[in-house]
Amino acid sequence: MITFNRSQVIGAEFPDEETVRFNGILEDHIYSMEINMDVHVADGKVLAIEGIMKRYTNFVCPQAVSVLQTATGMSLREDGWERRIMKEIGRKGCEHFAAIIIECGRCLDQARMANDMWQAIETDPGLDQVAFIEKWLAE
């Protein structure tokens, strides 16, 4: 019998060529929270971030929402970015919010590749997707 289940879902969209907008959700039987975050594609800098706590364990948890603004200006490409997010957001605010941000950051290149492939398929419906991915990764 399963007594605990946690789901984490990350979505990405490109409102323009320079920005990826992430939506990250963490859900289990105790917690439910969401992050919306805009990231500059070229350098991975967080442009804007907001958090929503839907379900949490104590009255202090919602105070972590304001701590999220610390992530604005941080780069998800610099060395040690995951540790920095955990230190600045996780320890000072909420480790669950930090975990969502980290997972969004790990999806940055995958989102870029998917977007680039989608655009390539728009111009060439017969695109060899495997060759495209190999070339994209090499570049």
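**Helices across a four-strand sheet**

Helix α4 (residues 108-123) lies across β1, β2 and β3, at about 50° to β1. Helices (H or I, at least four residues) and strands (E, at least two) are DSSP runs, numbered from the N terminus. Axes are lines fitted to C-alpha atoms, for helices over the stretch in contact (heavy atoms within 4.5 Å), and angles run from 0 to 180 degrees between N-to-C directions. This is a predicted model, in which local features need pLDDT of at least 70, side-chain atom pairs count only at pLDDT 80 or more, and totals for chains, interfaces and linings use all residues. Residues are numbered from 1 along each chain as its sequence is written, and side-chain values use heavy atoms, leaving out hydrogens and water.

Overall make-up
- The protein chain has 5 helices and 4 strands, in the sequence pattern β-β-β-β-α-α-α-α-α.
- Of the 139 residues, 37% are buried, meaning under 20% relative accessible area with a 1.4 Å probe, protein chains only.

The sheet
- The 4 strands form an open sheet in the order β1-β2-β3-β4, with antiparallel pairing.
- β1 (7-16) and β4 (46-55) are at the edges with a single partner strand each, so one side of each has no neighbour in the sheet.
- Neighbouring strands are turned by 15° against each other on average, direction ignored.
- β1 pairs with β2 (residues 19-27) over 8 bridges in the antiparallel sense; two strands pair if DSSP finds at least two bridges between them.
- Glu13 stands opposite Arg21 in β2.

Another helix on the sheet
- Helix α3 (residues 95-106) lies across β1, β2, β3 (32-40) and β4, at about 40° to β3.

How values were computed. Buried < 20%, exposed > 50% of the residue type's maximum accessible area, 1.4 Å probe, protein only.
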